[in-house]
Amino acid sequence: MGSIRKQLRQRLELERLSGADSLPRLNRLGTASREANPEPAPVDAEPSPDPSPAQRQAPAAAAQGGDQIAGIETVPPLDPADDTAAQLLAMDVDEVRGCTKCPLARTRRKTVFGEGSPHASLVFVGEAPGADEDAHGRPFVGRAGKLLEDIIVKGMRLSRHDVFICNVLKCRPPDNRTPQPDEVAACSPFLWRQLSLIDPRVIVCLGASAAQALLKTTEPIGRLRGLVHNLQLDPMAPPIPTICTYHPAYLLRNYTRDARAKVWDDIQKAMKIAGIPVPGK
Ligand code: SF4
């Protein structure tokens, strides 16, 4: 009987994801994380312009598996014994946290490097940290992040640490404004290196800003989604298939059956490219 109940629950989740009902519901939401978050409570420490000796001595503990946030999965620390993980950690601790390459260094609280598996077959890329992310130093941890996590956990049947989640910008733009071209230009090399190191089978761009930054285009998201793009990171390496879909924050504002079905369709497409079994298929 327990098994039947479990199968029924899974079936209902899949139907919701496919648009037959809805994507996993948070609360009834009017607005989204990056747009609607109130200013977070002040955090204890301002980011140091240079990594402290303590940070250098314990990068693994600081870089992942950081703040515990209610309703958001924790991610285990990267293992410095793993070569890819070690390079990601070094980039975060030695370069990103002390970065002053653009004006956002003056207004951020914490840099947000990204988190997840250094060997993820699927990488999610968003636009930039919002207020919650800026406060905690972790990507996608506000209301939009909770929806993304529901897609990962309830829809894809994976965990945060099975994929990698990051943003084009590692610092929050003031008032969550759209990133400026010079900020994207300054920060993008970190993202390129992250993607080159992780070398995923597929990249999923969340929202127009991320998609346009990665694909170097001005096409709207409605024209970019539904296609498989090729991202040529390294001229000597094969391009990485790239899927564009709506940002979870957009979904929260436009919680329609049609929008949810489109996102789930995009996610399933990415899963198939990555070789991740699609539940129910
Ligand atoms: S947004 Fe990127 S380039 Fe700008 S200060 Fe932060 S880490 Fe450096």
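Two strands pair if DSSP finds at least two bridges between them. Strands are DSSP runs of E, at least two residues long, and helices are runs of H or I of at least four, both numbered from the N terminus. The model is predicted: local features need pLDDT of at least 70, side-chain atom pairs count only at pLDDT 80 or more, and totals for chains, interfaces and linings use all residues. Residues are numbered from 1 along each chain as its sequence is written.

**Exercise 1.** Give the strand order and name the edges.

*Solution.* The 6 strands form an open sheet, ordered β1-β3-β2-β4-β6-β5. Its pairing is mixed. The edge strands, β1 (115-116) and β5 (228-231), each pair on one side only. β1 runs antiparallel to β3, with 2 bridges between them. Gly116 stands opposite Phe164 of β3.

**Exercise 2.** Sort the β3 residues by the way they point.

*Solution.* β3 spans residues 164-167. Phe164 and Cys166 point one way; Ile165 and Asn167 point the other way. All are buried, meaning that 20 or more other C-beta atoms, placed from the backbone, lie within 10 Å of the residue's own.

Terms used: A residue is buried if 20 or more other C-beta atoms lie within 10 Å of its own, exposed if 12 or fewer, and partly exposed in between; C-beta atoms are placed from the backbone.
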